[in-house]
Every structure is written in C-alpha cells, then in structure tokens.
Amino acid sequence: MTTMLPDFVQLRWNALICRVISFGLVLVLTACSGGAEPPRSAVLKALSLQIQLTQRSISRTLDLPEPAEDPTVSRVRIEDQQTVLIGEQSGMKIKGRFDWQLPGDTFQVDSPFEIYLERGDLGESWRLARPTGSQDGLSQDWLTFPLPLS
C-alpha cells in the first residue's frame, strides 16, 4: 500500500501541471485573438462609409447631386473574418449581413457584405480598404479611407 502512494502523488502532480498549462494556453490564445479584431463600431462606420462611397460614385456617373445625409447602418451579423495582408499592413476581411436605410427612406434593406479593414500604424485605428486591381498584374493595389473617430 505504501508503494502506491508515490505513484498517486505523481499522477496528481502531472494532472495539476496539465491544467496549469492548459489554462495558460487559453489565456494566451484569447489575448492574441481579441486584440486583432476590429471593434463593432469600426465595422458599422466602415459599412456606412462603403455605402457613401458607392452613392457618390453613382451620383457622379449619373450627374446627380450627392446625398447630403449618411445612411443608417444597424444589425450587423458577422459570419466570417480572416486576417489578410493589405499592401504592407495587417488587415481583416469581414463577411456577413447587415441592415441599412437611406435617409428619408422608410424601407430598410438586409444585405450581405464583404469589407476589408486595415489596421492603423499604431494599432489604435482602422481604415476601410478597397481593392483597385493591379498595375503590375502580380499584386493587389488598395485605396484606403480613414474611419471617422468618435
């Protein structure tokens, strides 16, 4: 009976070490993934800016006045997000669905979306990134637009 006691202590010690290591890994992985994701407010602002840029482009093409008010964006459902390289910067490709409404319109639209967000130089801000094709045919060129602060 006394020979089994050291084995039991060793088994308990191994179990404790495994739990501590597992807990440490969970903390590290959670900390790494949480900081890379854009806040929900940045996604809302990026979607609103995407609609504004599209509206301006259509208005210019049709020689119409540009809308004076911004669209209302709500109920964003993110379905997928991936880390991507946007030029030389770290960014995110985000897919999902959202509801939006034009100013003065009573109709609300549920639409799918795919946006790219580029992390700011200091890691404290985000920019909407739009692919523009490629000059050399080998790499992707991007236009980026700062998201409003607040």
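Predicted model: local features only at pLDDT ≥ 70, side-chain atom pairs only at ≥ 80, totals over all residues.
Trainee: What is the overall secondary structure of the protein?

Mentor: The protein has two helices and five strands. From the N terminus on, the order is α-α-β-β-β-β-β. Of its 150 residues, 23% are buried. The accessible surface is about 10700 Å², and carbon and sulfur atoms hold 59% of that.

Trainee: What share of the contacts with a separation of 6 or more comes from residues 24 or more positions apart?

Mentor: The share is 43%.

Trainee: How do you know that the length of helix α2 agrees with its number of residues?

Mentor: Helix α2 covers residues 40-61, which is 22 residues. At 1.5 Å a residue, the helix should span 32 Å. The end C-alpha atoms are 32 Å apart, so the two agree.

Trainee: Which residues of α2 are buried?

Mentor: Ala42, Val43, Ala46, Leu47, Ser48, Leu49, Ile51, Gln52, Leu53, Gln55 and Ser59 are buried. Keep the helix geometry in mind: an α-helix has 3.6 residues a turn, so residues three or four places apart point the same way.

Trainee: What do the buried residues of α2 pack against?

Mentor: They pack against β1 (72-86), β2 (89-101), β3 (109-119), β4 (126-133) and β5 (141-146).

Trainee: Why is Ile58 called partly exposed?

Mentor: Ile58 sits in helix α2. Its relative accessible area is 47%.

Trainee: What makes Asp63 stand out by its phi?

Mentor: Its phi is positive, near 55°, and Asp63 is not a glycine. Most residues other than glycine have a negative phi. Asp63 follows α2 and lies in the loop between α2 and β1.

Trainee: Is Asp63 buried or exposed, and how do you know?

Mentor: Exposed. Its relative accessible area is 70%, and the class needs over 50%, so Asp63 qualifies.

Trainee: What is the phi of Arg75, and where does Arg75 lie?

Mentor: The phi of Arg75 is positive, about 45°, although Arg75 is not a glycine. Arg75 lies in strand β1.

Trainee: Why does Arg75 count as exposed?

Mentor: Its relative accessibility is 54%. That is over 50%, so Arg75 counts as exposed.

Trainee: How many aromatic pairs does a search of the whole structure find?

Mentor: Two.

Trainee: What makes the pair of Phe98 and Phe113 edge-to-face?

Mentor: The ring centres are 5.7 Å apart, and a pair needs centres within 6.5 Å, so the rings pair. The planes stand at 80°, and edge-to-face means over 60 degrees, so the pair is edge-to-face. Phe98 lies in strand β2 and Phe113 in strand β3, so the pair ties together parts 15 residues apart in sequence. Both residues are buried.

Trainee: Why is the pair of Tyr116 and Trp142 called edge-to-face?

Mentor: The ring centres are 5.0 Å apart, within 6.5 Å, so they pair. The planes are at 65°, over 60, so the pair is edge-to-face. The pair links distant parts of the chain: Tyr116 is in strand β3 and Trp142 in strand β5, 26 residues apart. From C-alpha to C-alpha, Trp142 and Tyr116 are 10.0 Å apart.

Trainee: How are Tyr116 and Trp142 classed by accessibility, and why?

Mentor: Tyr116 has a relative accessible area of 15%, under 20%, so Tyr116 is buried. Trp142 has 21%, between 20% and 50%, so Trp142 is partly exposed. Among the residues that Trp142 touches are Ile86, Gly87, Ala129, Arg130 and Pro131.

Trainee: How do you know that Leu117 is buried?

Mentor: Its relative accessible area is 0%, and buried means under 20%, so Leu117 is buried. Leu117 lies in strand β3. Residues that Leu117 touches include Val43, Ala46, Ile86, Ile94, Trp126 and Leu147.

Trainee: How many residues apart in sequence are Leu117 and Leu147?

Mentor: Leu117 and Leu147 are 30 residues apart in sequence. In space they are 9.6 Å apart, C-alpha to C-alpha.

Technical notes:
Residues numbered from 1 in each chain as written. Heavy atoms only, no water. Helix = DSSP H or I, 4+ residues; strand = E, 2+ residues; numbered from the N terminus. Expected span 1.5 Å × (residues − 1). Buried < 20%, exposed > 50% of the residue type's maximum accessible area, 1.4 Å probe, protein only. Contact = heavy atoms within 4.5 Å. Phe/Tyr/Trp six-rings, centres within 6.5 Å; stacked < 30°, edge-to-face > 60°. Areas by Shrake-Rupley, 256 points an atom, 1.4 Å probe, with all protein chains shown as cover.
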